[in-house]
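This briefing goes through helix packing and a handful of individual residues. Please look over the sequence and the structure before reading on.

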Amino acid sequence: LASADFARSRLASEIAGNMRLLTLIDSNEGLLAISRNQPAAALPLFEQAAERSERLGILNSFALASGYVIWIHLALLEPERALARYEAVSPKLEGLQNPTGAFAFAFSGAIALQGNGRLSEARAQLDRLAKHAQDTVTKGVVRGQQAQVEFERRQLQPALRVAQEAVDLL
């Protein structure tokens, strides 16, 4: 049912030439695919949303869609592509003012760094994100990721401590 609604909305938006609405449709359809555990189907939708958002100058949408592209590449076991996307998009987001978009993209980037064995960089980025987390749930999620990085670094005591902090926050 939702897919049919997206198809109708896509057609109407294409006819009207409403690129902003098409970007929103791509993102929402991508989220639907992710919720159905279909990351390969979501990837081109988020890539289109990111491309349109960049072209239209909508930095927050560009950051969020790009963050999903990174996450999907990681889910598809393509860490090099995730990191390449992060490194290509990062300089384009320097003027981003929206803290949600900036935070989400930076978090995806930290996971891409981690997925490529760049654990010190991932750790530093996650430390910055933990300091700027705006609520306890977000901080808990970041702490959970920090625990994974510490575990991968074979720092078991810090991993245990940070994991417990994550549990306490969540």
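Is the crossing of H2 and H3 left-handed or right-handed? The crossing of H2 and H3 is left-handed; a crossing is left-handed if the near helix is turned anticlockwise from the far one by less than a right angle, and right-handed if clockwise. This is a predicted model, in which local features need pLDDT of at least 70, side-chain atom pairs count only at pLDDT 80 or more, and totals for chains, interfaces and linings use all residues. Residues are numbered from 1 along each chain as its sequence is written, and side-chain values use heavy atoms, with hydrogens and water left out. Helices (H or I, at least four residues) and strands (E, at least two) are DSSP runs, numbered from the N terminus.

**Helices H2 and H3**

- Two packed helices are described by the angle between their axes and the distance between the axes.
- Helix H2 covers residues 19–35 and helix H3 covers residues 39–56; their axes come within 8 Å and cross at roughly 155°. That angle makes H2 roughly antiparallel to H3.
- Axes are lines fitted to C-alpha atoms, for helices over the stretch in contact, and angles run from 0 to 180 degrees between N-to-C directions. Angles under 35 degrees count as roughly parallel, over 145 as roughly antiparallel, 65 to 115 as roughly perpendicular and the rest as oblique.
- On the H2 side, the residues that meet H3 include Met19, Leu22, Asp26, Gly30 and Ile34. On the H3 side, Ala41, Leu45, Phe46, Ala49 and Leu56 are among them. Contact means heavy atoms within 4.5 Å.
- The residues of the contact of H2 with H3 comprise 11 nonpolar, five polar and four charged. Ala, Val, Leu, Ile, Met, Phe, Trp, Tyr, Cys and Pro count as nonpolar, Asp, Glu, Lys and Arg as charged, and the others, Gly among them, as polar.

**Helices H7 and H8**

- The axes of helix H7 (residues 119–132) and helix H8 (residues 136–152) come within 10 Å, crossing at roughly 160°. H7 and H8 are therefore roughly antiparallel to each other.
- The crossing of H7 and H8 is left-handed.
- Residues of H7 that meet H8 include Leu119, Ala122, Leu126 and Leu129. Val142, Gln145, Val149 and Glu152 are among those on the H8 side.
- By class, seven nonpolar, two polar and six charged residues make up the contact of H7 with H8.

**Residues in helix H6**

- Glutamine 114 lies in helix H6, residues 99–115. At 6% relative accessibility, glutamine 114 counts as buried; buried means under 20% relative accessible area, exposed over 50%, and partly exposed in between (1.4 Å probe, protein chains only).
- The side chain of glutamine 114 makes a polar contact of 2.6 Å with the side chain of glutamine 145. A polar contact is a pair of N or O atoms within 3.5 Å; within protein, one must be able to donate a hydrogen and the other to accept it, and residues adjacent in sequence count only if both atoms are side-chain atoms.
- Leaving aside neighbours within four places in sequence, glutamine 114 is in contact with Leu119, Ala122, Gln145, Gln148, Val149 and Glu152.
- Phenylalanine 107 is also placed in helix H6 and counts as buried, at 16% relative accessibility. Neighbours within four places in sequence aside, phenylalanine 107 is in contact with Leu126, Leu129, Val141, Val142 and Gln145.

**Residues in helix H4**

- Histidine 73 has its place in helix H4, residues 59–75, and counts as buried at 3% relative accessibility. Not counting residues up to four places away in sequence, histidine 73 touches Leu43, Glu47, Glu78, Pro79, Arg81 and Ala82.
- Tyrosine 68 is in helix H4 as well and counts as partly exposed, at 32% relative accessibility. Beyond neighbours within four places in sequence, tyrosine 68 is in contact with Leu31, Ile34 and Phe46.

**Exposed residues**

- Asparagine 37 lies in the loop between H2 and H3. Asparagine 37 is exposed, with a relative accessible area of 65%, and has a positive phi of about 60° although it is not a glycine.
- Arginine 154 is found in the loop between H8 and helix H9 (156–169). Arginine 154 is exposed, with a relative accessible area of 71%, and its phi is near 65°, a positive value in a residue other than glycine.
- Phenylalanine 151, in helix H8, counts as exposed at 55% relative accessibility. Not counting residues up to four places away in sequence, phenylalanine 151 touches Leu156 and Ala159.
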